[in-house]
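Good morning, and thank you for making time for this item.

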Amino acid sequence: MNLIVAYLTDPAHWQGSGGIPARVLEHLIYTLVTLLVAAAIGVPLGLWVGHTGRGRWAVVNLVNGMRSVPTLGLLFVAVLVLGPRIRGDLAFVVPSILVLVVLAVPPILAGAYAGVDAVDPLARDAAKAMGMSSREVLFGVELPCALPLLFGGLRSAALQVVATATIAAAVSVGGLGRLLIDGQAVRDYGQMAAGAVLVAALALAVDLVFALVQRVAVSPGLVPARRRPIDRKNPTPANPVA
Amino acid sequence: MTWFLDHLAQVGGLLVTHAYLAVVPLVVGLALAVPLGWLATRFPRLYTPLITASGLLYTIPSLALFVLMPLVLGLGILNPLNVIVALTLYTVALLVRTVADGLSSVPEQVRQAATAMGIGPVRRFVTVELPLAVPVIAAGLRVAAVSNVSIVSVAALIGIAQLGSLFTDGFARDFLDPIVVGIVACIVLALILDLAIVALARAVTPWLRGGRAG
Amino acid sequence: MKLIRIAAAGVLAALALAGCAGNPMASSGAGASGESIVVGSANFPESELLADIYAEALKAKGVAVTTKLNIASRETYVPALKSGEINLIPEYTGNFAKYLNKDADVADEAKALAALRAALPDTLVALEPAKAQDKDAVVVTAATASKYSLTSIADLAPVAGQLVLGGPPEWPTRANGVPGLASVYGVTFKEFKPLDVAGPLSVQALKNDQVQATNLFTTDPSIKANGFVVLDDPKNLFGAQNVIPVITKAKASDTVKGALNAVSAKLDTDTLAGLVTKVVVDKKDASAVASEWLKAQGLA
């Protein structure tokens with residue numbers, strides 16, 4: 001604990017291109033880019049699978065398969081194969097982002113098609129009865145109703161990316177992982193522990209931001225009732241949602 | 001794939017070690033998560049702090065945990081027990097919420113019916129609530145198993161020999177074969193564990209198989 | 001009831017499996033000569049190769065050997081060596097001496113050896129050094145060398161401020177790393193990029209011009225393969241680096257010493273470089289290369 005405080009309170013660690021603010025910014029940028037790319041792939045695909053019901057088996061197995069790929073191994077392969085083909089400083093960053101995208105797509109994809117799956121069939125029927133076209137149903141009814149689970153998937157992906165982006169430092173990429181890898185190389189426990197704490201704090205902050213966005217973006221009608229303590233002695237029938 | 005065939009024994013040995021390092025935390029983690037999950041359902045005020053704490057635990061980067069464990073546990077730097085304890089923490093962090101959700105998915109009427117039949121609280125938990133929560137818990141266990149297999153490979157960065165060592169060795173020599181073999185072996189191991197958990201869950205929930213009674 | 005039995009049986013079976021299978025990583029018992037040694041290595045192929053050579057040579061003499069390879073850098077494995085988790089490691093006289101004592105004088109082979117022997121704690125002993133040396137080097141591309149007319153590290157002093165240096169993550173704090181370049185040659189680079197321990201990242205980054213100078217080892221085959229230029233080290237910052245086995249005194253029996261010193265006697269720089277090439281370029285297994293060489297030398 002003292003080591004962590006000592007590291008974090010040393011002003012030298014807050015300046016320069018290797019300082020904490022710079023590393024946090026790098027880490028955030030990698031996370032953001034990864035999430036954008038992964039969402040661009042996962043959300044449309046998931047919505048389409050949920051909406052049309054086609055390709056579900058293939059997508060579910062794809063998701064499970066992608067989840068089981070070891071990130072470190074994929075990272076090394078990506079750097080060895082792609083690194084020499086890319087010029088400049090991005091040579092190590094691009095393979096890392098690619099691997100992080102592979103990590104982030106499964107939860108987002110799963111959240112998207114589970115979200116559409118969970119849409120109340122009555123709502124879908126009502127929409128069709130009102131004469132909405134298939135596309136209107138998708139964007140006007142299914143997507144908004146799928147938002148809670150979709151956001152759940154996004155948040156889960158964000159957490160995993162923030163935590164795993166640290167491994168990219170093993171291939172010379174920046175971000176908070178540098179505190180871990182450089183600290184490990186010289187056994188500076190203060191640096192490593194501080195890095196771990198900062199990553200956890202960053203993950204929390206990112207999650208909070210997502211929670212706020214979710215509160216704004218998701219219709220209040222979709223928010224589940226507050227969890228009430230189970231009163232064993234006087235079980236009350238389920239109350240309507242507030 | 002000649003490299004793979006030439007090194008079958010070596011890869012096999014690393015696979016066994018990797019499996020050991022991934023599975024022991026699953027078993028211990030589950031054993032620890034069940035009481036914690038039960039606490040979260042029994043005392044709803046504990047639900048949020050427990051879930052938040054486990055969420056936070058899961059965001060600690062694996063490399064940091066592996067290196068800091070020897071400090072915390074006082075074990076040797078190269079002792080694989082550090083990896084096992086770290087992974088157990090991750091497993092518990094993942095499973096507490098699953099167990100809590102699984103237990104709270106048991107319908108209240110079933111609980112009450114059991115009590116009405118004269119079954120005491122402990123026996124009711126073990127013979128009624130837990131078995132009914134198995135499908136949800138098994139789903140969480142599957143995710144934990146796959147996640148553990150991937151995280152164990154990171155321990156290669158601190159010299160713990162398992163499938164991840166194929167990654168670091170191949171990378172240091174600019175040699176793709178061991179890395180690819182290692183990735184495939186990890187995926188296969190994850191698949192085997194996944195199927196094993198599904199089979200185990202099916203075995204302990206005969207009523208879900210339908211058809212035959214008992 | 002039946003369910004409890006099934007569940008209990010399942011749990012017991014799992015625990016039994018975990019227990020019976022035991023710890024797959026438990027080391028083997030004592031060998032034919034009744035001794036057992038744990039050999040460690042650092043996280044680069046040459047260190048692994050040397051550890052394998054030592055291990056095979058000891059096995060040939062009936063010692064039970066367990067290897068724990070790829071243990072990161074000195075900051076990690078030296079405590080393991082001191083605590084007895086590993087007993088033997090291949091080291092380099094100059095760098096190890098400087099690691100233990102920042103002010104050690106390692107300018108030539110004899111001084112480096114003496115400095116190392118003086119700096120080692122009582123529980124450890126350094127055996128006979130080999131003729132083979134593998135030094136750190138600051139390496140640039142042929143293009144950079146001609147652009148700035150670089151032949152020695154001293155030539156970097158006026159231009160280093162515009163260039164980026166790459167190296168292993170521990171270099172900024174190592175006595176012969178970044179601080180050493182500044183204090184001995186007055187060379188301070190614009191930026192330091194942490195890469196790997198003279199591995200593919202360093203080679204790629206240099207080729208790609210992400211860094212203009214990087215740390216490689218003198219036996220590295222990629223230097224010749226890429227036409228890199230090794231800058232001269234006239235002030236001997238990197239010192240003499242003879243390969244030397246460092247071992248726990250308690251494990252240094254006559255059999256062990258005999259086997260390891262015999263290896264050192266036959267290992268010179270060209271041989272070492274050739275063996276490293278077989279591992280890194282020809283992608284042969286370090287243990288196979290080690291066995292092959294030992295057999296050819298009559299040591300296994």
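This is a predicted model: local features need pLDDT of at least 70, side-chain atom pairs count only at pLDDT 80 or more; totals for chains, interfaces and linings use all residues.

The largest nonpolar core contains 231 residues. Those with the most contacts inside it are A:Ala104, A:Ile108, A:Val162, B:Ala145 and C:Tyr54. Helix H5 of chain A, residues 90-117, gives the most to this core, namely 16 residues. From chain C, at least three residues come from each of domain 1 and domain 2.

Let us look at A:Val162 in particular. Setting aside neighbours within four places in sequence, A:Val162 is in contact with A:Thr31, A:Val199, A:Leu202, A:Ala203, A:Val206 and B:Thr59.

I turn to chain B. An unreviewed UniProt entry annotates residues 15-199 of chain B as "domain: ABC transmembrane type-1". That span is 84% helix and 0% strand, and its end C-alpha atoms lie 21 Å apart.

Next, the contact between chains A and C. Each of these chains supplies 17 residues. On the chain A side, helix H8, residues 177-185, provides the largest share, five residues. By class, this side has seven nonpolar, five polar and five charged residues.

Finally, chain C itself. Chain C is divided into domain 1 (36-133 + 240-296) and domain 2 (136-230), with C-alpha centres 26 Å apart. Between them, 14 residues of domain 1 are in contact with nine residues of domain 2. Which helix gives the most to the domain 1 side? Helix H11 of chain C does, with five residues. The residues on that side divide into six nonpolar, four polar and four charged.

Key: Residues are numbered from 1 along each chain as its sequence is written. Chains are lettered from A and ligands numbered from 1 in the order in which they are written. UniProt positions are given in the numbering used here, feature names are shortened, and annotations may be inferred rather than shown by experiment. Helices (H or I, at least four residues) and strands (E, at least two) are DSSP runs, numbered from the N terminus. A nonpolar core is a set of buried Ala, Val, Leu, Ile, Met, Phe, Trp, Tyr and Cys residues joined through C-beta atoms within 7 Å. A residue is buried if 20 or more other C-beta atoms lie within 10 Å of its own, exposed if 12 or fewer, and partly exposed in between; C-beta atoms are placed from the backbone. Domain bounds come from an automatic or database domain assignment. Two residues are in contact if their C-beta atoms, placed from the backbone, lie within 7 Å. Ala, Val, Leu, Ile, Met, Phe, Trp, Tyr, Cys and Pro count as nonpolar, Asp, Glu, Lys and Arg as charged, and the others, Gly among them, as polar.
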